Amino acid sequence: MESGQLRKLNLCYAGIQSLYWAGFASIWAFLSVLLLYRGFSNSQIGTVSALALLMPLAVQPVLASLADRDRRFTSRRLAMALAGLLLLCAVGLWCSAGSMAVTAALYVLVGISLTATAPFHSAMAMELQQQGVALNYGLSRGLGSACYAASVLVLGVVVERYAPTAVLPVFAGEMLLLLLLTWRFRASPTAAAAAGSGPVLSVGQLLRRYPAYTWLLVGCALLMACHSATCTYMIHIVGKVGGSESMMGSALAVAAFLELPAMGLFSRVRRKVPLAWLLIFCAAFFVIRAGLFWAARSVPVLYLAAALDFFEYGIFIPATVYYVAEHIDPANQVKGQSLMGMATTGVGSAFGNFVSGQLLDRAGVSGMLLFCSACAAVGLLVVIYAVRRK
C-alpha cells in the first residue's frame, strides 16, 4: 500500500477510535448525573447500568457469529449499523425528557450498542494487519483514551454551566461523525476474503478449541473487575486521603491521558518483547496499582497509583486485541474479539462494580480495595497459567 493511502487509512481509523471514546465519555461518564437530573434514584441508576453491562452477553455472540458466518455482514458494516442506532438513541434521549421508562430503555440500548461496537472496531484493524497493512492500532486506540479524558474534562464544565442534558447533542454529533468515518474506512477485498476462510465455530466450540484463550478470558475478567471498580468508585478512594471531586477528575484524567503514549508505543514494544510476557507484565501492574490505592494515605501516592495506568490498562488493551489476532483463526476473529470484550467490559466490570458497591457499605473503602487487590492477584495467576499453556 502506498504511503499516502496508508496515512489516510491511519487517520481515518484514529478518527473512528477518537470519536467512539469521546462519545463513550459523553454518554456514559455522565450516566449518573443525567439520570439523577431526569428524576431517577440511585438504585434505579444501578439497575439501568447493570442491564446495560450484562445484556450484551446475549447480543454480542449473535452479532459476532453473524459477522464470521456471512461476509455481507462485515465488521465495518455492523459497526456502521451500531453507530446509526446510537445516533437514533441520542435523538430519542434528547426528546424523551418526560418519560423515565423511555429514558431507561434507551440508555440500556445505548450501553448494549456501545459495548458491542468496540470489538468490531478492533476486528476491522486486525483484518488489515493480518494482510500486511501497517495500521497503527495502538496509537489510534491511545488517541481514543486521550479523547475520552478530554471529553470528561470539557463536558464537566459544560454540564456545570448549563445542564446535564447538554451531553446529548454532543453525543449525537459524535455518533454522526463516527458513522461517516466508518463508512469511509474500507478494508481491502483480500482482507475481507481472508477473514471469512476456514470453519466458523460456535462460542462453545471456540472455547473448547482454544483452552488457553478460555483461561485468558477468566484472568482478564478478574483484572477488569479490579480496574473498573477502582475507576467507578474513585470518589471514595480520593475521599480516603482527604481529596475532593476535582481531585477525582484529575486522577481519572491523568490515567486516561497516559494511556496514549503507552498504546502508541505498543507496536514498537511488541516487536522486542513476546506478547505473553507483555500480558504478564501489565497483569502484574493491575496488582501493584490496586495495592497502592489500598495503601495510599496521601495525595502523591494516589496520583502515582493513577499514573500506573500507563503500564496497566494502557498495555492491557492492545495486548489482548493482538493476542486474539495471533491465536484465534481468521474465520473466528470477530467472535474472539467480542468474547474478550464481553469478559472485560461486560462480566468483569459488572462483577467488580457490584461486589465493590456491596463492600463499600459493609467494609468501607479499605475492604473494597482489598477485594480489588485480591481479584487482580488471582487474575495475574490465571493470566500466567493461560499464556504459558501451549
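**Surface and buried positions in the predicted model**

L153 is partly exposed, its relative accessible area being 39%, a value that lies between the 20% limit below which a residue counts as buried and the 50% limit above which a residue counts as exposed. In this predicted model, L153 is placed in helix 7, which spans residues 137-161. Together with V154 and F257, L153 makes a nonpolar surface patch of about 260 Å².

Because its relative accessibility is 0%, S356 counts as buried. The side chain of S356 reaches the backbone oxygen of G352, at a distance of 2.8 Å. When residues up to four places away in sequence are not counted, S356 touches A229, Y233, M368, F371 and C372.

V324, which belongs to helix 17 (residues 313-327), is likewise buried, with a relative accessible area of 0%; this value falls under the 20% cut-off for burial. With neighbours within four places in sequence left aside, the contacts of V324 are with Y213, Q333, G336, Q337 and M340. As regards separation along the chain, V324 and A123 are 201 residues apart, while their C-alpha atoms are separated by 9.5 Å.

Technical notes: Residues are numbered from 1 along each chain as its sequence is written. This is a predicted model: local features need pLDDT of at least 70, side-chain atom pairs count only at pLDDT 80 or more; totals for chains, interfaces and linings use all residues. Side-chain values use heavy atoms; hydrogens and water are left out. Buried means under 20% relative accessible area, exposed over 50%, partly exposed in between (1.4 Å probe, protein chains only). A polar contact is a pair of N or O atoms within 3.5 Å; within protein, one must be able to donate a hydrogen and the other to accept it, and residues adjacent in sequence count only if both atoms are side-chain atoms. Contact means heavy atoms within 4.5 Å. Helices (H or I, at least four residues) and strands (E, at least two) are DSSP runs, numbered from the N terminus. Patches are made of residues with over 30% relative accessible area and no salt bridge: like charges are joined within 9 Å, nonpolar side chains (Val, Leu, Ile, Met, Phe, Trp, Tyr) within 5 Å. Accessible areas come from the Shrake-Rupley method with a 1.4 Å probe; for residues, only the protein chains shown count as cover. A salt bridge is a side-chain nitrogen of Lys or Arg within 4 Å of a carboxyl oxygen of Asp or Glu.
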